[in-house]
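Please look over the sequence and the model below before reading the numbered points. The notes go through the chains in turn and then turn to the places where they meet.

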Amino acid sequence: MRKLASAAMVAVMSVCLITGVKAGEVEVLHWWTSGGEARSAAELKRLLEAKGHTWKDFAVAGGGGESAMTVLKSRVVSGKPPTAAQIKGPSIQEWGDEGVLATLDEVAKQGGWDELLPAVVANVMKYKGSYVAVPVNVHRVNWMWVNPDIFKKAGAKIPTTWDEFIVAAEKIKAAGYIPVAHGGQAWQDSTTFESVVLGIGGADFYRKAFVDLEPSALNSPTMIQAFDVLRKIKHYTDKDAPGRDWNLATAMVINGKAAMQFMGDWAKGEFTAAGKKPGVDYECVAAPGTAGSFTFNIDSFVMFDVGAGSSQEAQMALAATIMEPEFQEVFNLNKGSIPARLNMPRDKFDSCAHTSMDEFVASAKTATLVPSMAHGMSTFSSVQGAIYDVVTKFYNDDKMPAEKAAETLAAAVKDAR
Amino acid sequence: MNKAVGRQHRAGRLFIYGCLLLVAVYYLVPLFVMIMTSLKPLDEIRTGSLLGLPLNPTLEAWRVAWGSACTGVSCEGLKGYFWNSVFMVVPAVVISTMIGAFNGYVLTQWRFRGSDVLFGALLLGCFIPFQVVLLPMARTLGFLGISGSVAGLVFVHVIYGVAFTTLFFRNFYVNIPRELTNAARIDGAGFWLIFFRIVLPLSPPIIVVSVIWQFTQIWNDFLFGVVYSAGNQQPITVALNNLVNTSTGVKQYNVDMAAAIIAALPTLVVYVVSGKYFVRGLTAGSVKG
Amino acid sequence: MHALKIENVYKSFGDTEVLKGINVAIEPGQFLILVGPSGCGKSTLLNIIAGLEAATSGHIYIGEREVTNLSPKDRDIAMVFQSYALYPNMSVRKNISFGLEIRKVPKAEQRETVQRVATMLQIEDLLDRKPSQLSGGQRQRVAMGRALARDPSIFLFDEPLSNLDAKLRVEMRAEMKELHQRIQSTVVYVTHDQIEAMTLGDLIAVMKDGIIQQFGPPQVIYNAPKNMFVAGFLGSPSMNFIPAVVEQTESGLGAFLEGGAGRIFIPLVHCTQALKAWVGKAVVLGIRPEQITHAPEHEGRIQIGVCRINRVELTGPDALVTTCLNKTDVIARVQPSSLCQVGETMALGFDTSMIVAFDPATEEAIV
Amino acid sequence: MPVSHSKTFFKDLASAAALERLLPKLVMAPTFVVTLVFIYGFIFWNAWLSFSSSRMLPRMDWAGFTQYVRLFSNDRWWVAAENLAIFGGLFIVLCMAIGLFLAILLDQQVRLEGAIRTVYLYPMALSFIVTGTAWKWLLNPGLGIEKLVRDLGFENFTFDWLVDPEKAIYTVVIAGVWQSSGFVMALFLAGLRGIDDTIIKAAQVDGASLPSIYWRIVIPSLRPVFFSALIILSHIAIKSFDLVMALTGGGPGYASDVPATFMYAFSFTRGQIGLGAASAMMMLAAVVAIIVPFLYSELRRGRNE
């Protein structure tokens with residue numbers, strides 16, 4: 001009898017001990033499932049586990065997070081949200097409206113986030129003045145990736161305006177290369193398109209069209225011009241482009257089949273994986289007409305309200321870990337982007353990243369720092385989707401006049417708001 | 001006369017075999033491409049022809065897909081997920097087949113007022129697009145406290161599989177004469193005894209059909225699997241999707257293909273091994289309206 | 001004590017009423033036949049007795065107890081089905097012993113019973129076969145065996161012989177009759193075959209439209225049918241119905257039949273009291289074919305008429321000839337030896353002692 | 001047994017019988033509840049959503065027919081609806097035709113029947129994701145069939161339906177038929193095996209030729225099989241989601257979008273749950289309009305037989 005009692009005592013005590021450490025579990029929903037991204041996520045896991053918490057991986061790949069969003073909505077509806085999920089841009093506000101997010105103000109205060117983060121980034125992370133999300137990186141979208149060899153062979157100059165682009169593209173085509181590597185998927189069409197709009201209309205026009213969604217900008221001569229340019233770009237792509245994944249398009253630039261690709265800086269990972277060096281084997285330049293401007297795409301983790309307790313501790317630890325320089329550095333080296341926090345040592349980063357960092361700070365001052373429409377930073381997903389539909393429809397339907405496209409765009413956006 | 005008939009007959013045979021073989025090629029090409037690709041090294045895929053035989057066949061891709069491909073932060077291949085799927089499929093198939101058998105038994109041998117209407121309603125129900133049920137089902141699972149668990153996933157698969165299993169069993173049992181169960185009732189057997197002693201022993205053909213159908217459906221399901229499973233309990237289709245859908249990095253087509261075949265292997269085996277019984281089971285009555 | 005009593009049983013499926021107040025009672029050891037055309041409700045009634053279907057209202061008693069709300073297994077009955085309903089997955093032995101097994105009869109006793117029944121039905125060497133390996137007649141025997149093994153208070157038969165060929169059916173009919181006489185069990189037997197009904201039954205209930213039209217011993221029903229339906233249903237070829245007008249003559253009540261070759265006077269000797277009211281009115285006279293034969297054979301109350309023969313059918317032992325009386329086809333049963341050709345005339349003798357008269361409006365017998 | 005048992009004993013028996021009469025209903029009860037809640041309840045819930053202003057997550061307010069108005073003015077929806085008509089029609093007809101044709105051929109006492117049948121049947125075992133991936137390769141002009149034929153020396157051969165917005169939906173048909181026709185073949189084969197031989201013999205005695213025996217006698221008697229196949233195929237066609245996603249992703253542009261992908265995109269990716277719900281209601285309405293008459297007539301026939 002006494003034996004039994006003491007055994008029970010031990011059992012009770014050991015339970016107390018375990019909870020005493022307050023080691024929690026985080027369940028992180030993300031769609032980084034392969035290559036450099038998976039390694040980056042693994043790094044986060046390692047850092048968190050070093051703090052004594054456990055990481056329950058919840059990876060759902062596919063379509064830039066489309067499946068993951070479905071899963072996330074179901075989980076929130078079921079009343080069991082994950083600890084953190086990869087959500088960015090205005091969607092953070094939408095989730096904030098649902099009242100399911102946890103506030104990170106305490107962690108932010110301890111970490112001095114207000115000083116570390118540029119105002120633009122910090123604003124995206126806050127809902128009604130409170131931090132609810134942690135940024136992991138800043139992508140620049142308006143890049144053009146260039147194979148300098150082909151330009152040399154074709155005798156073309158790397159374009160800085162869209163007029164120059166056409167001249168160069170003609171030469172490259174004549175030399176027997178594909179001028180533009182492209183994957184015909186809606187988001188890639190729009191990624192190219194937003195660079196065109198930014199290059200032709202400038203940052204103010206871009207903001208009016210894609211942030212303020214003014215009909216006068218959406219259905220304007222400038223927009224018509226942008227659509228015309230998009231169609232010209234299409235003529236410089238190969239006919240197998242539809243449905244192609246972006247990384248295969250990048251591979252065409254790497255392998256010397258195509259001269260240029262309009263893509264965000266995640267494309268750099270492909271070059272790096274192929275053993276190519278920036279400035280030597282490839283060039284990273286701003287898309288024509290967008291030098292000095294910066295379309296940003298910030299990946300971030302939103303923290304869900306999981307109630308008090310050990311999992312909340314783990315959640316806070318996760319938020320803090322993401323903001324630590326150690327993680328920001330490793331992660332962004334892997335991913336090709338730049339850290340979201342300022343004043344990081346930059347010696348490990350390459351020249352493209354350096355350009356990106358400089359322009360990020362500079363463009364913030366000149367008001368040419370704009371959110372990426374194609375990557376859900378400027379509007380709610382419904383509007384983004386409506387724009388996608390029009391752009392991709394125009395891109396794939398050569399019979400559709402640019403005027404019609406601009407008109408449809410304004411109407412579709414109005415409908416989706 | 002006889003010769004002419006013989007020649008005509010031979011021409012007919014030739015036509016039959018010609019058609020059958022031609023169609024067989026159409027059916028086999030995709031599998032052939034998948035297998036060949038999975039056996040090639042990556043650079044050979046980029047340069048060579050899609051239909052070409054591998055010059056340096058290697059099982060490396062298979063090894064990677066099974067044991068070391070990344071499906072998230074962990075890079076342990078499909079092997080863990082494979083068993084997740086097994087633990088989900090087996091109970092789901094067993095339970096839905098069982099319920100289907102009970103329902104079919106009641107709907108044919110113990111009809112009651114409104115049972116036909118119920119059956120019609122059930123049948124209509126299998127046309128509901130599954131996307132519609134995702135959110136309300138999520139809430140229900142949360143309410144029942146089985147969200148994000150294997151039990152929850154089994155629950156969902158059973159619910160949306162019962163319509164089909166019921167259809168199969170009902171159409172099979174409709175051919176069992178009512179007199180047979182009546183005779184058993186007179187002999188003193190009750191509802192369950194009749195089912196287990198008389199009806200069930202007649203059922204193997206249709207059980208095979210139902211099991212094959214359910215097994216394939218559930219094993220291959222992605223939508224429910226991805227939405228209702230929690231992190232480390234995801235079924236193999238979700239892992240396959242994670243593995244194939246790279247957002248960054250080089251696409252390893254050979255690994256993708258090997259993984260796709262691994263994910264499809266159990267259902268393939270089921271079809272190949274029991275295909276004969278499948279057709280037999282269908283013959284035995286399931287196709288009779 | 002009745003072996004079976006059915007009291008005021010009604011049954012409807014949805015809006016259609018298939019049984020409209022059935023009342024029947026039989027004594028132990030009696031062989032009751034439920035006979036009628038398909039759709040008359042006889043099988044439904046049998047199922048209700050068995051408990052396979054529930055009556056909408058009414059009561060069923062087996063022996064001294066009411067079984068209306070009992071399930072089949074508690075009613076102490078056995079049943080043989082039209083399709084035999086042998087369990088296809090079980091051997092003959094198992095088929096026979098299944099009911100015993102469920103009732104937890106000891107193993108040894110089961111074996112003994114199976115042996116006894118098998119011997120009785122001469123199916124010993126079939127015991128280890130599956131039903132699919134048996135012929136129709138063998139299956140029928142096994143189905144009987146399954147019922148016999150149980151030794152119930154009532155046997156129910158649902159058209160057990162209708163799936164057999166003609167010869168086998170006659171054999172089995174005789175065998176069943178003999179078996180019943182031997183074991184003296186109470187039987188309810190459904191059939192649409194009037195010969196089975198006549199030969200097997202102690203009592204017959206003729207059914208139509210969910211109503212028992214007449215209930216009684218076979219010969220009574222045959223000779224004194226209550227209405228035209230019963231009269232027409234029993235007997236083959238069925239009774240001739242001839243429209244006629246009742247007249248009062250010097251020799252009593254009677255009617256004239258107008259044929260192609262002359263007038264025949266038919267005296268009406270039964271129920272004269274009731275028929276008096278019908279003088280001058282139209283009735284239907286029912287005469288069975290065997291009561292119209294070739295003339296010389298008969299004695300007694302015989303009327304002879306010369307008739308034109310329109311059709312001749314030979315059946316072997318005798319011949320059926322058709323003539324036309326009162327504009328109605330009338331069939332007579334004659335000896336083949338006295339047969340004439342189609343178109344010729346023939347003297348036919350009418351045995352008027354068995355003639356029944358019916359009210360043409362209600363089709364009820366005039367009594 | 002003592003005689004005195006009778007009263008209560010028989011009462012017990014009666015209540016046991018009542019229980020037994022209740023039992024079938026009890027057994028069906030879970031299915032009934034499940035159908036009511038998880039199918040019709042959810043449909044009702046969805047109908048409600050379609051009249052709400054729900055965006056990212058469900059919100060139960062009343063917005064009238066706004067979502068339907070938006071749906072009908074959405075160009076993409078009409079593309080999706082037209083695609084379903086093209087895909088569904090072709091898919092069902094081709095699967096039935098090929099399945100029946102193969103079944104008849106296989107029913108001619110063919111050698112190696114088992115092996116051939118397995119070959120025809122195996123695609124059904126694969127998930128649509130796998131099917132889509134494999135066919136994406138084969139149909140890709142730069143990788144698959146077009147390249148192969150060109151490598152054989154036919155330089156002008158083009159087969160670029162996958163990347164042609166006008167033809168992309170037909171590639172979905174090709175892959176879909178590939179996947180499902182074998183199963184239909186099995187259904188028909190089973191149906192053929194179930195036909196009474198004497199009917200065919202009788203027709204032969206009557207002097208009918210083999211094709212006309214099939215056309216006039218065998219095929220009409222396969223009516224129930226056509227019904228089963230129709231149910232299963234239309235079920236697959238209407239729910240064709242995975243296949244489209246894996247093969248074309250709805251592209252190029254949204255040229256090969258179908259209602260299922262449309263509904264998914266708007267409900268989950270676009271955060272327009274109300275609109276998605278409205279599109280789902282339209283899908284259900286189409287199903288009801290097509291399937292219910294069939295179901296009704298077949299079930300009635302079944303009851304009368």
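1. Two strands are said to pair if DSSP finds at least two bridges between them. Helices (H or I, at least four residues) and strands (E, at least two) are themselves DSSP runs, numbered from the N terminus. The model is predicted: local features need pLDDT of at least 70 and side-chain atom pairs count only at pLDDT 80 or more, while totals for chains, interfaces and linings use all residues. Residues are numbered from 1 along each chain as its sequence is written, and chains are lettered from A and ligands numbered from 1 in the order in which they are written.

2. Chain C holds an open sheet of four strands in the order 2-1-4-5, with antiparallel pairing. Its edges are strand 2 (16-26) and strand 5 (65-66) of chain C, each of which pairs on one side only. Eight bridges join strand 1 (residues 4-13) of chain C to strand 2 of chain C in the antiparallel sense. Within strand 2 of chain C, Ile22(C) is the residue that stands opposite Val9(C).

3. Which strands of chain C does helix 1 (residues 42-50) of chain C lie across? Helix 1 of chain C lies across strand 1, strand 2 and strand 4 (57-62), and runs at about 60° to strand 2 of chain C. Axes here are lines fitted to C-alpha atoms, for helices over the stretch in contact, and angles run from 0 to 180 degrees between N-to-C directions. Two residues are in contact if their C-beta atoms, placed from the backbone, lie within 7 Å.

4. Chain C is divided into domain 1 (4-227) and domain 2 (240-358); domain bounds come from an automatic or database domain assignment. The centres of these two domains of chain C, taken over C-alpha atoms, are separated by 40 Å.

5. Chain A has 19 helices and twelve strands. Its radius of gyration is 23 Å, close to the 22 Å that the globule rule gives for 417 residues, so chain A is as compact as a globular protein of that length. The radius of gyration is taken over C-alpha atoms, and the globule rule is 2.2 Å times the number of residues to the power 0.38. Along the principal axes, the C-alpha atoms of chain A fill a box of roughly 95 × 45 × 40 Å.

6. Of the 417 residues in chain A, 59% are buried. A residue is buried if 20 or more other C-beta atoms lie within 10 Å of its own, exposed if 12 or fewer, and partly exposed in between, with C-beta atoms placed from the backbone. The buried residues in helix 16 (residues 325-335) of chain A include Phe327(A), Phe331(A) and Leu333(A). Just after helix 16 of chain A, Gly336(A) takes a positive phi of about 95°.

7. Chain A is also divided in two, into domain 1 (23-138 + 297-352) and domain 2 (143-296 + 370-416). Their centres, taken over C-alpha atoms, lie 29 Å apart. In chain A, 17 residues of domain 1 are in contact with 19 residues of domain 2. The side of domain 1 of chain A that touches domain 2 of chain A has four nonpolar, nine polar and four charged residues. For this count, Ala, Val, Leu, Ile, Met, Phe, Trp, Tyr, Cys and Pro are nonpolar, Asp, Glu, Lys and Arg are charged, and the others, Gly among them, are polar.

8. Chain B has 13 helices and zero strands. Its radius of gyration is 24 Å, whereas a compact globule of 289 residues would have one near 19 Å. The C-alpha atoms of chain B fill a box of roughly 80 × 75 × 30 Å along the principal axes. Buried residues make up 57% of chain B.

9. Which chains share the most contacts? Of the five pairs of chains in contact, chains B and D do. That contact takes 77 residues from chain D and 66 residues from chain B. On the side of chain D that touches chain B, helix 1 (residues 6-50) of chain D gives the most, with 16 residues. By class, that side of chain D has 52 nonpolar, 16 polar and nine charged residues.

10. The contact between chains D and C takes eight residues from chain D and five residues from chain C. The side of chain D that touches chain C consists of six nonpolar residues, one polar and one charged. Chain A and chain C do not touch, and their nearest C-alpha atoms are 45 Å apart.
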